[in-house]
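Student: Could you take me through one part of this model in detail, please? I would like to look at the loops and the ligand site, with the cut-offs behind each term.

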Amino acid sequence: MIISALHLYQYQIPLDKLLPVGSQRIDVRRGLVLKVEAIDETGQVLTEQVEIAPLSGLDIDGNPLHGFSKESLTQVSDKLESLLEQLVQKPIADLLDIADVESLPSLAFGLSLMHAKLKGQLNGHTISLNADRKIIPLLYRNSDESINALHQRVSDLPADVHAAKVKVAQTSLEEEVQLIHQILVIRPDLKLRLDANRGFDLEQAIDFAACLPLASIEYIEEPCQRASDNAAFYRAIGMPWALDESLNDPMFQFTMQPGLTALVVKPMLIGTLEKLQKLQAEAEHSGVRFILSSSLEASLGIEALARLSQIMTPDELPGLDTLTAFSYDLLVDSGKPRCQSWGDLTLIKSC
Ligand SMILES: O=C(O)CCC(=O)c1ccccc1C(=O)O
Ligand SMILES: [Mg+2]
């Protein structure tokens, strides 16, 4: 299959409600869409598109986001612009060759995903992003929101939802312990995935976890400021924990540790599908769950993650509820009132 044309676009989508990025908040999401046309052996033209959206940029206060993508959107966009010319009239295998040596994780992921899509490797998994999909709802409180509004959201969860993710280490220990107990009063059947985003020191993490019903907690993501304290946290309290931010370190090497129960994996921050598969094999070899999660992609990127998770982790539910906050969809309809189409995007380059 030969690449006949490439187009690079930028999108920008305001959010209906703020989305958390660790302890920071964003109110708009920007990213790139790469569209590739390729001609197969029978002369047929195939078109595929991927979203490439590093999780960087500015929060609502104008401060740079920290802890997630190290590359900026401009960096990715500039690099892609120069790659387009290099790829035109080349076999699609070149996408993989470039992805394999690409140092920017979001770009490596995008190129490798594009290759998989053109090869049809994501086909046959008809994903509905509409109402009936199973999700792990993301529960957090906006600063301007009453606690009752959050309670209402918990009451409104469909009966067949049995797990939810709750942001913690955001306000005070007392308030958050109370919140978790209240969630469980409303829905005692829920198993909670807590996410501390490294917001506690070891002592705070232990004090917090000691006040919670262990049996209702699936795990807590990144409980400690220093990831090296997580094993001590587990020894003290017996609460399983998961890694998220730690995986973004380019030097990260998987090693089994006491209490480590899951990797919460954001493909946009990791790199190629091959790198993801290698990490998955290492984790699962040690009995550690591998759970795909969004990096706040729009509907085009979320659809790809939903397909990937069906293929890679059919027994796990991915964390994709962040799409709820988007005011409209991007090229793929998830049931929002509006869906941006090609004409709504800014064309950066075509060749
Ligand atoms: O994992 C999920 O359910 C949703 C994704 C999510 O929480 C997230 C999204 C972007 C950046 C950080 C995080 C996080 O896990 O803290
Ligand atoms: Mg997390």
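Tutor: Happy to! Let us start with S246, which is buried because its relative accessible area is 10%, where buried means under 20% relative accessible area, exposed over 50% and partly exposed in between, with a 1.4 Å probe and protein chains only. S246 sits in the loop between β8 (241–243) and β9 (260–265); helices (H or I, at least four residues) and strands (E, at least two) are DSSP runs, numbered from the N terminus. The side chain of S246 makes a polar contact of 2.7 Å with the side chain of R198. A polar contact is a pair of N or O atoms within 3.5 Å; within protein, one must be able to donate a hydrogen and the other to accept it, and residues adjacent in sequence count only if both atoms are side-chain atoms.

Before going further, a word on conventions. This is a predicted model, in which local features need pLDDT of at least 70 and side-chain atom pairs count only at pLDDT 80 or more, while totals for chains, interfaces and linings use all residues. Residues are numbered from 1 along each chain as its sequence is written, chains are lettered from A and ligands numbered from 1 in the order in which they are written, and side-chain values use heavy atoms, with hydrogens and water left out.

The loop between β8 and β9 also holds N248, which counts as buried because its relative accessibility is 10%. N248 and K165 are 83 residues apart in sequence, and their C-alpha atoms are 20 Å apart in space.

K165 brings us to the ligand. Around ligand 1 there are 14 residues, of which K165, K167, D195, N197 and S293 come nearest; a residue is near a molecule if one of its heavy atoms lies within 4 Å of it. A polar side-chain atom of K165 is 2.6 Å from an oxygen atom of ligand 1. For S293, an N or O atom in the side chain lies 2.8 Å from an oxygen atom of ligand 1, and for E221 a polar side-chain atom is 3.3 Å from a ligand oxygen. Taken alone, ligand 1 exposes 380 Å², and the protein buries 98% of that (accessible areas come from the Shrake-Rupley method with a 1.4 Å probe). By class, the shell around ligand 1 has six charged, five polar and three nonpolar residues; here Asp, Glu, Lys and Arg count as charged, Ala, Val, Leu, Ile, Met, Phe, Trp, Tyr, Cys and Pro as nonpolar, and the others, Gly among them, as polar.

N197, one of the residues that come nearest to the ligand, lies in the loop between β6 (191–195) and α6 (202–210). N197 counts as buried because its relative accessibility is 13%. The phi of N197 is near 45°, a positive value in a residue other than glycine. A169 has a positive phi too, near 60°, and its place is the loop between β5 (163–167) and α5 (173–186).

E145, between β4 (138–139) and α4 (147–155), counts as buried because its relative accessibility is 17%, and its side chain makes a polar contact with the side chain of R153 at 2.5 Å. W342 is in the loop between β12 (339–340) and β13 (346–350), and is partly exposed because its relative accessible area is 26%.
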